[in-house]
Amino acid sequence: MDNITHTLVGAALAEAGLKKRTALGGITLMIGANFPDIDIVSAFVGKNFEGRRGITHGFPALIILPFVLAGIMWLWDTQVRRRRNPSLPPADYRQLAILSAVAIATHPTLDFMNTYGMRWLMPFVDKWFYADGMFIIDPWFTLMLAAGVFFARRLKNVDIARAALATAGTYVIVMLCITTMGRSKVLQQVGPRKFMVQPTPGIPWKRGILVEERMAYRFGTYTAFGEARLSDLTIAKGDNDPAVGAARETAQAQRFLHWARFPFYRVVRDRRGTTVRIADARYMGDDARGWAAVEIFLPVSGSLALHPTP
């Protein structure tokens, strides 16, 4: 999920009464709800796909990170906050650790809900898991939390925040049920082949369908309690060019393909060599350009760069 929504989850937990457990409780909950995203540093060193939603999001991190965050908050309390104002009540490390654990656990749980995926077993097993229940930015889910936080603070009533959290939790369950029903319908229609039923932005009851065929990926739609309908819209895999095989052997491509669920390829040749664009049909259009794509350059010398398959 987006970080605004993660922050609102922490804020809602705080307004539901948890912030009263200790000094710095509210800010700890909001930071904790975002804390696993410290892996964002991997994007700045060119390791986005292999670095994100891994070590800091897995089950071992859920055990270790709460103590790390609680330690940071305790140090801030003792070395900065209460040095500035010694009369302030001290923060309780034990309570900070409990609040950190609760908030941090919400983060990978929500990330698991969308189509990007989560690696729960990192660093021991590098495997992606997907719930495909909610779009990465869900305005209705965010609105429920925002309204709960706003009115709980305005009216100083913890029950409002608790009701918002309960409503948001119920919404998540309903969204997962719709995806599950869609999967059942698609399975009946296409049989045991690779497919995905994914949430649609802003329309909770609708799902997109992506089905793997021999030479292409086919799109479709599903509406809650309706039928799964496949359309004529497809994206060709483009994997029958010899340059694709060479590109797939590179380390950069291997890292990307480990993350991609529905990879497709586009080959562009010029006098210098061949560029193979690899993209994921979950996110990219036919030209295979964008954030969910990589480009592999194969120079002319010693390669199949200028010899496409007839």
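## Helix 7 against helix 8

Helix 7 (residues 139–155) packs with helix 8 at an angle of about 170 degrees, and their axes lie 8 Å apart. Angles run from 0 to 180 degrees between N-to-C directions, with axes fitted to C-alpha atoms, for helices over the stretch in contact. The two helices are therefore roughly antiparallel (over 145 degrees).

This is a predicted model: local features need pLDDT of at least 70, side-chain atom pairs count only at pLDDT 80 or more, and totals for chains, interfaces and linings use all residues. Residues are numbered from 1 along each chain as its sequence is written, and side-chain values use heavy atoms, leaving out hydrogens and water.

## Residues at the helix contact

Helix 7 brings residues including Trp 140, Phe 141, Met 144 and Phe 151. Helix 8 meets them with residues including Ile 160, Leu 165, Tyr 171 and Val 172. Contact means heavy atoms within 4.5 Å. By class, the contact has 14 nonpolar, two polar and no charged residues.

Four antiparallel strands form an open sheet in the order 1-2-3-4. Strand 1 (195–200) and strand 4 (228–236) are the edges, each pairing on one side only. Pairing requires at least two DSSP bridges. The twist averages 25 degrees from one strand to the next.

Strand 1 pairs with strand 2 (residues 203–212) over six bridges. Pro 199 stands opposite Arg 207 in strand 2. Helix 8 (residues 158–190) packs on the sheet and touches strands 1, 2, 3 and 4. Its direction makes about 35 degrees with that of strand 2.

## Gln 95

Gln 95 lies in helix 6 (residues 93–111). Gln 95 is buried, at 11% relative accessible area (buried means under 20%, with a 1.4 Å probe and protein chains only). Beyond neighbours within four places in sequence, Gln 95 contacts Arg 21 and Thr 22.

Note on methods: Buried < 20%, exposed > 50% of the residue type's maximum accessible area, 1.4 Å probe, protein only. Parallel < 35°, antiparallel > 145°, perpendicular 65-115°, else oblique. Nonpolar A, V, L, I, M, F, W, Y, C, P; charged D, E, K, R; others polar.
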